[in-house]
Structures are given as C-alpha cells and as structure tokens.
Amino acid sequence: MRFDEFAEIAEGVESLSGDKDKTEEVAALLNEADEDIRVAARFVQGRVFPAWDDRKLNVGPSLLYEAVALAGDTTAERVEERVAEVGDVGEVVRELDFGGQQTFGATAETLSDMYETFESLAAKEGEGSQETKVRELGNLFMNTSGRGAKYLARLVLGEMRLGVGEGTVRDAVVSAFGTDPELVERGIMVTNDTGSVAEVARDGGDDGLTSLEMSVGRPVKPMLAQATTVENAFDDLGADEAVVQTKYDGARVQIHTGSGETRLFSRSLEDLTDSLPDVVETVEEAVAEDADFILDAEVVAVGDGGPLPFQEILRRLRRKYRIEEMRDEVNLELYVFDVLYEGDGAVIDEPLHERHERVAEAVDEEAVARTAYVEDTDGMRREENAALDSGHEGLVVKNPESTYSPGRRGKNWLKLKPEPETLDLVVTGGEWGEGRRASLVGSYLLGVRGEDGYETVGKVATGLTDERLEELTERFVGGDDGLVVSEDGKEIEFQPSVVFEVGYEEIQRSPVYSSGYALRFPRFLSVRDDKSVEDADTVERIERLYENDD
C-alpha cells in the first residue's frame, strides 16, 4: 500500500465521529493493506513500532521543522510560526509544495518502505545523527503529496489525531476477518502487537490466533489495579477470601530471564536492563535457572531506615551514564509477586493462587513479595497496618481465583492506599517564569486523556524547586531533543510526552479549562518516568473523582 493511499483513508477516518464508523473504515484499511497490514495497523494508531518495542524516532518538533524546511521552499522558523498560528503541524505541512525537489536517496513509497526508513532513523545516535535525520526526513517529505505530508508529519511526532486506539483496531480485525473477538483480545494481550494479530487473523483465522503466545524478551503490558477501601474490598472482589500483598512505593518491572540472559522492562515497556545491573544480578541469583520465566515484580529504593520515597528510584531508571556511581548511592531491593510465563508457555490463565505457588518454588524467599490470605476485614486491616509500619504504601488486594490480564484494569486487583488521591497528568504546555526565574519554565499546563487528544485541567507551579525547574526546563526546551511545538510570548506548547504526578485539595467544575474541571491547589509531586502518556488519567476519572467528592 502506498503511503498516499494510507493518508487518504486516514483522512476519511479522521472525518468520522462515531466509533462504529471509524471501526469499519479501519477494517477496510486492513483488508486493503496486503503485505503492509502490520504497519498499517500500527500507523493508524499513530504508532511506528509495536507496543512492546521501546525504539523511538527521537524526532522533536524542531528537528521536524528543519526537515520540512529542507524539503520545501520555507524556513524552520516560518514553519514554527505557522504551527503556532494554525495549531496543527499536519495542516501546516500540507500547505507546502514539495514537488520537484532533489531527493537524497531512495524513495519510501509504500508503508513498508516508510517503516524501514523509520527503523533507520531510530537507530541513528551520536555525533552527526541529527543532521542525518533531517536529510532522511526531508527526503520522505519530498516524495509525498500534501495529504501524505500531513499525516507523515503527524506520525513522526506521534500526533495522528484520528481517534483510533488499540480497541478500535481490535474491533476492526474482528469485523474485517470474522474472527472470534475473545481470541483477538487475547492475541493482543499476549503479543502486545496489534499489527501481528491483524496479519495472523487474516491469514490463519481463529486457529492462527489460538497459536499466538508470549515469548521471553517481548514484554507485555502489566495487569493493573483500581482503588478501593478495606471496607469495600471483599464486595468489590466478589470473593470470600482475598490475597493481600504489600504495595511497595517502587517501580514496576517485568523480568524476562532464560537462556543465560536477563532483561528488565518498565511498566511502559522501556528496557531498563543496562540501567539496573544490580537488579539483574539479584534476578540471576534468586531465580531458578532450569526454566525460562517472565515475572512481575517491584524494585524499591532502600536506605538504613527502610524503604525510600519513589523519587529516589527515579534517579536510577533509564540512566545511561554514571550507572556504577548511582548504584552505590541508591540501593535497590527486588520483590517478585507474580509469574506470567514459565518453561515453554504462558501461565496467565492459571488462577492466582497457583501462580503464587510457582513464584514460591522458582524464586528465593527474600526476593518474594510479602503475601498473605485473609478472610475478613479485620485480617485485611492487620495486614495493611503491618505494611504501613514497615514503611510501605499499603496493600494490593487480589482475587485468588483470578487470571492475569495484561494491560487490563479491573476488580480482580485492588489497591489500598491511605494517602489522598493523586493524578497522573500529561504536560501539554508551560509558561516562562518572571524575575530570577525568567530563564526557566515556571509553570506547566496539565491535561488528561480525552476522546481526541488531551483536555486541560490546570497549571502547576507549587512544589517545583529552582533545581527542579532547571532540570525540567532543560528537558522540555533544551537542544534538538526539546519538546517545544510552538511559542507565543510567554506561553509554550509542548509535545505531549511527559507525565507529572500531581496532588490537589479538591476538584472543581470550571469553564477555564477544556476538561470542564480544575484542580484546587495543585502541587507537583514527581515526574512519572515509569509511565507513558497512555497511562495518564482520563477525563472520565476526573469526573468520577468529582462526583465521589461531591
């Protein structure tokens, strides 16, 4: 499939408002994609690589503007100005005439050609890589039409704006190929790749989908918990007995070990192996060597007085430099609490109590999360107090008969935390400070996930020290890797890619922000580098919290 053909379909999808209509249009795309079906299923979601693959293009707005300027008769500065005026880089690029320019190499006409070029871009790093990326991107724009250039620009920045997510593609696969919805759902859960599932559904039907399985080295999304109280936990679980495990204030890690190799992945599926060599050593010492495993675990920063706050472990995550030095500064402990794969197959369909037995047999006792079984509220309260007395956050309460559902949040896993609710919000903009902070971004505009992009819910400046502001300003604004989309006076628009954890006093209705709500007395708590924007809170959660507080 030519990219211009894909762009025409994408424009059709964008013009539709109903979920059913979008699903049918995506189903038509999958039917027409032929050998490009894997790439088409990803691109239509605004995703270049499979969800399990942590490769990134590392192309920010500034670099994209340079590539566009190289391909068209304009300048990067003018492109940035037009984006500030129009508010959509895709529409701005569509205005430009790329015809008749001299290309710098082979064209990328089909989706697979485009994907190969993206792989090349993702692999480039080090001295001279930025200039090379500008040339290769410029070449892509020189070989696209107005509509194609529009969606190419959006795809590169991860801003497709089609309103198509994993659920839409899942339903489109069912519609296009007549496959069992439950098998499609499970296929996506165990492969974490809608593209592969679409191809298998087309070529192998239900039998092909049944054969899809997890594999060591390819991470899947973790199962998630929702909040409850001790008083409501048993009713929410719908069970007479509950498994309770300590809720650690650490970082979720998925461990893949076997064949003499261990790899660690974050909750957002980024590879942490090189950043956490001490955890790798712990795994290799604590986990049985006679089988391959995928394990679910938590890594906690510890000091002489016990567990340290979550911010301490952030100093270790994804660090590329001074790793050994930081290893000495921040000590880590590992707690394994579940197993997803053992031997030569997945065990996620086994009940939780059986998976716990597997963990106990495969992992040394000191590396296993504290686990107990309780039958009443008093027992649960005792376990919660024990966890709090040990310096941890509280408990995770689980149904002992539950299976493991990658990427799903439901009532089989519940979290108990005595602290007030916090929100995980996407940074969409900022504002330059004043006085001694004039060279720093002094406040940040925050958004929640909506049906089509991000809806604003407030600004945060409280809780940000000068040191933290310097770090964040460098991260958002500094160099070619900055996240600035546009500037207008003191106001800045950022590419949505960073998540803040924010505390607040209450949620109020407000016409000021596009979500319809505002946070009263918001306070910055941390940067959630362990979470992607897809993990951020939604408008629906804001509404639910507002109603519950009312």
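The model shown here is a predicted one. Two packed helices are described by the angle between their axes and the distance between the axes. The table sets out these two values for each pair discussed here.

| Helix pair | Angle between axes | Distance between axes |
|---|---|---|
| α4 (residues 61–71) and α5 (residues 76–86) | about 115° | 8 Å |
| α10 (residues 166–177) and α12 | roughly 10° | within 10 Å |
| α11 (residues 181–191) and α12 (residues 194–210) | roughly 130° | within 10 Å |

Helices α4 and α5 pack with their axes 8 Å apart, and their crossing is right-handed. On the side of α4 the contact is made by Y65, E66, V68 and A69, while α5 brings A76, V79, E80 and V83 to it. Sorted by class, this contact of α4 with α5 holds 6 nonpolar and 2 charged residues, with no polar ones.

The contact of α10 with α12 comprises 5 nonpolar, 1 polar and 2 charged residues.

The crossing of α11 and α12 is right-handed. Residues L183, V184, G187, I188 and T191 of α11 make this contact together with T194, V197, D206, L209 and T210 of α12. Divided by class, the contact of α11 with α12 contains 5 nonpolar, 4 polar and 1 charged residues.

What lines the second largest pocket? Its lining consists of T257, G258, S259, G260, E261, T262, V283, E284, V287, A288, E289 and A291, and about 170 Å³ of space lies in this second largest pocket. Strands β3 (251–258) and β4 (261–266), as well as helix α14 (277–286), each supply at least two residues of that lining. By class, the lining of the second largest pocket is made up of 4 nonpolar, 5 polar and 3 charged residues.

Key. Residues numbered from 1 in each chain as written. Predicted model: local features only at pLDDT ≥ 70, side-chain atom pairs only at ≥ 80, totals over all residues. Heavy atoms only, no water. Axes fitted to C-alpha atoms, helices over the stretch in contact; angles between N-to-C directions. Helix = DSSP H or I, 4+ residues; strand = E, 2+ residues; numbered from the N terminus. Left-handed = near helix turned anticlockwise from the far one by under 90°. Contact = heavy atoms within 4.5 Å. Nonpolar A, V, L, I, M, F, W, Y, C, P; charged D, E, K, R; others polar. 1 Å grid on protein atoms, 1.4 Å probe; cavity = no way out; pocket = protein on both sides within 12 Å on 5 of 7 lines; lining within 4 Å. Points joined across faces, edges and corners; volume = space filled by probe spheres on them.
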